[in-house]
Each structure stands twice: as structure tokens, then as C-alpha cells.
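Please keep the sequence and the coordinates in view while reading.

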Amino acid sequence: MSESFNAAAEEVKQLKATPSDDELLELYALFKQGTVGDVNTARPGMLDFKGKYKWDAWEKKKGMTQDSAKEEYVAKVAELVQKYGKN
């Protein structure tokens, strides 16, 4: 699984267009859950809007196994490659 996960992490950098904010948050959350596991940091402060969105997206994955997160990440990247194409 790690090989396909690492390949997907590289492949996502080659998309022709930038995914939507929601798609980027989903990728971020799945990547963090797959590599770190459950959220292990405090929620960012009031003025760090981007940080809070990212933290909240990751928090929603709480309890998901790292392997499941990696599988979903690989599937999401494949979906985005289909949607946006690669350079």
C-alpha cells in the first residue's frame, strides 16, 4: 500500500489544474490521517483560518485507520487525475 500511496502523493503534484478547496482539504486530511494518524495537535487560533479548515478536515477522519486513509487517498488522486489530467 505504501508504494501506491507514495506514487499517488507524487502524481497529485502533476495535475494540470488546481483542485477545488474542498478537494484539497480532502487530500490533506487523508494524507495526514494516512501518515500521522489521528489529529495530535491543538486546533489553530482564531485568526488562522486556513489552519483551522485543514485541522477540521483532518479531525473528521479521526478513528480511520492509516491504511484506510491511504487507500482513500490513492482513490481520490486517481479521481482527480481523471478529472483534471496530468502534465
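**Overall composition**

Helices (H or I, at least four residues) and strands (E, at least two) are taken here as DSSP runs, numbered from the N terminus. The model is a predicted one, in which local features need a pLDDT of at least 70 and side-chain atom pairs count only at pLDDT 80 or more, whereas totals for chains, interfaces and linings use all residues. Residues are numbered from 1 along each chain as its sequence is written, and side-chain values use heavy atoms, with hydrogens and water left out.

UniProt, in an unreviewed entry, places the feature "domain: ACB" at residues 1-86; its positions follow the numbering used here, feature names are shortened, and annotations may be inferred rather than shown by experiment. The average pLDDT of the protein (the predictor's confidence in each residue, from 0 to 100) is 96, and 100% of the residues score at least 70. Among the elements, the lowest mean pLDDT, 95, belongs to helix 1 (residues 2-11), and the highest, 98, to helix 2 (residues 21-35).

**Two helices and their buried faces**

Helix 2 has 15 residues and spans 21 Å from its first C-alpha to its last, close to the 21 Å expected at 1.5 Å a residue. The expected span is 1.5 Å times one less than the number of residues in the helix. Which residues of helix 2 are buried? They are Glu 23, Leu 27, Ala 29, Leu 30, Gln 33 and Gly 34, where buried means under 20% relative accessible area, exposed over 50%, and partly exposed in between (1.4 Å probe, protein chains only). Viewed down the axis of helix 2, these buried residues fall within an arc of 165°, so they line one face of the helix. The arc is that of the directions from the helix axis to the C-beta atoms.

Helix 4 (residues 66-84) has 19 residues and reaches 26 Å between its first and last C-alpha, close to the 27 Å expected at 1.5 Å a residue. Its buried residues are Ala 69, Lys 70, Tyr 73, Lys 76, Val 77, Leu 80, Val 81 and Tyr 84. These residues cover an arc of only 140° around the axis, which puts them on the same side of helix 4. An α-helix has 3.6 residues a turn, so residues three or four places apart point the same way.

**The aromatic rings**

A search of the whole structure finds three aromatic pairs. Rings of Phe, Tyr and Trp (its six-membered ring) pair if their centres lie within 6.5 Å; planes under 30 degrees apart count as stacked, over 60 as edge-to-face and the rest as tilted. The ring centres of Phe 5 and Phe 31 are 5.4 Å apart and the planes lie at 20°, so this pair is stacked. The pair links distant parts of the chain, with Phe 5 in helix 1 and Phe 31 in helix 2, 26 residues apart. From C-alpha to C-alpha, Phe 5 and Phe 31 are 8.9 Å apart in space.

Phe 5 is buried, because its relative accessible area is 3%, whereas Phe 31, at 32%, counts as partly exposed. Ring pairs join Phe 5, Phe 31 and Tyr 73 into a cluster. The charged end of Lys 70 sits over the ring of Phe 5, 5.4 Å from its centre; this requires NZ of Lys or CZ of Arg within 6 Å of the ring centre and within 35 degrees of the ring normal.

**Loops and the first residue**

Ala 17 lies in the loop between helix 1 and helix 2 and is partly exposed, with a relative accessible area of 34%. Its C-alpha atom is separated by 9.4 Å from that of Lys 83, 66 residues apart along the chain.

Thr 41 belongs to the loop between helix 2 and helix 3 (49-59), and at 44% relative accessibility Thr 41 counts as partly exposed. The C-alpha atoms of Thr 41 and Trp 55, 14 residues apart along the chain, are separated by 8.6 Å.

Met 1, in the segment before helix 1, is partly exposed at a relative accessible area of 41%. Met 1 and Glu 59 are 58 residues apart in sequence and 23 Å apart in space, C-alpha to C-alpha.
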